[in-house]
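Hello,

Here is the structure we talked about handing over. Please have a look at it before reading on.

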Amino acid sequence: MLPGLRQTAHGAWVEGAGRLGLVAKGASFILVAILAIEVAAGAGGKPADRQGALDAVADEPLGWMLILALGTGFAGYALWRFAQAFVDRDREGDDPVGLAKRAGDLAKGLLYAGLAVLAVMIVGGSDSSGSEEDTATSWILDLPLGRWIVGAVGAVVIGAGAWNAYRAVTRQFLDDLKTRKMSKNEEQWYTAVGVFGHLARAVVFALVGIFLIRAAYQYDPNEAIGLDGALAKLAGERAGPLLLGAVAFGLLAYGLFCFVQARYREV
């Protein structure tokens with residue numbers, strides 16, 4: 001790799017892009033949480049994923065300005081993750097564990113690059129409505145070994161949920177934060193927000209993964225769900241408003257935790 005490129009990737013401007021991206025990430029989760037809380041409170045509507053949240057913002061006066069700001073942040077987040085993946089900004093190394101972590105960074109970078117493109121499309125007036133989960137699942141199911149691929153993805157998503165639960169229980173997420181720069185009260189509050197937020201993400205990931213496996217088992221792409229579908233499943237339960245409200249407030253907490261990361265994370 002070119003020395004100049006490596007030096008640039010380790011520069012302060014990539015750190016700035018990462019911190020901006022964490023703010024945008026947090027804001028997007030807060031938007032999703034607010035919409036879900038409104039549903040749980042009986043205000044009508046339906047839960048939304050981050051695409052749906054951006055669509056809702058687009059309907060507000062000057063909403064395009066917020067979407068453009070979020071899109072810029074998403075692009076910054078993607079850039080930071082790509083620097084971690086390709087240039088090993090975090091110095092994970094080239095052993096199997098390090099490569100696995102860098103592959104995860106690459107996946108996150110691609111996800112947020114997609115969200116950045118989506119934001120630009122919405123600002124440009126493109127229609128982004130409609131769920132993509134069943135379409136993508138249908139395409140994969142038609143591939144050789146498609147059912148196994150969808151099932152494996154579902155298992156990976158469930159694993160991501162378990163990982164979030166583990167991070168919540170062990171408070172491992174604190175390892176990435178500069179806790180030495182926090183007061184004791186700040187650390188206590190930030191820890192509580194992080195635990196609650198990671199547990200909420202664990203629930204959502206588990207639901208998404210379970211329904212992906214169900215889609216593979218039943219050979220039915222309509223069973224596949226995303227974030228909005230997972231929240232809708234909670235809303236449809238007997239204690240739906242309570243369950244949805246709890247997870248929604250957890251996602252709100254995760255969004256606030258992302259703001260904490262923007263300030264205190266080792267980026």
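Below are notes on helix packing and the nonpolar core.

This is a predicted model: local features need pLDDT of at least 70, side-chain atom pairs count only at pLDDT 80 or more, and totals for chains, interfaces and linings use all residues. Numbering starts from 1 along each chain as its sequence is written, and side-chain values use heavy atoms, without hydrogens and water.

Start with helix H2 (residues 12-40) and helix H4 (residues 63-87). Helices are DSSP runs of H or I, at least four residues, numbered from the N terminus. Their axes lie 7 Å apart, at an angle of about 125°. Axes are lines fitted to C-alpha atoms over the stretch in contact, and angles run from 0 to 180 degrees between N-to-C directions. The contact (heavy atoms within 4.5 Å) includes Trp13, Ala24 and Lys25 of H2 and Phe74 and Trp80 of H4.

Next, H2 and H10. These helices pack at about 165°, with axes 8 Å apart. H2 and H10 are therefore roughly antiparallel.

Now the core. The largest nonpolar core has 62 residues. Such a core is a set of buried Ala, Val, Leu, Ile, Met, Phe, Trp, Tyr and Cys residues joined through side-chain atoms within 4.5 Å; buried means under 20% relative accessible area (1.4 Å probe, protein chains only). Phe74, Leu231 and Leu251 touch the most other members. Among the elements giving two or more residues are H2, H4 and helix H10 (240-264).

Beyond its neighbours within four places in sequence, Phe74 contacts Ala24, Lys25, Ser28, Leu54, Tyr112, Leu115 and Ala116.

Best wishes

Conventions. Buried < 20%, exposed > 50% of the residue type's maximum accessible area, 1.4 Å probe, protein only. Parallel < 35°, antiparallel > 145°, perpendicular 65-115°, else oblique.
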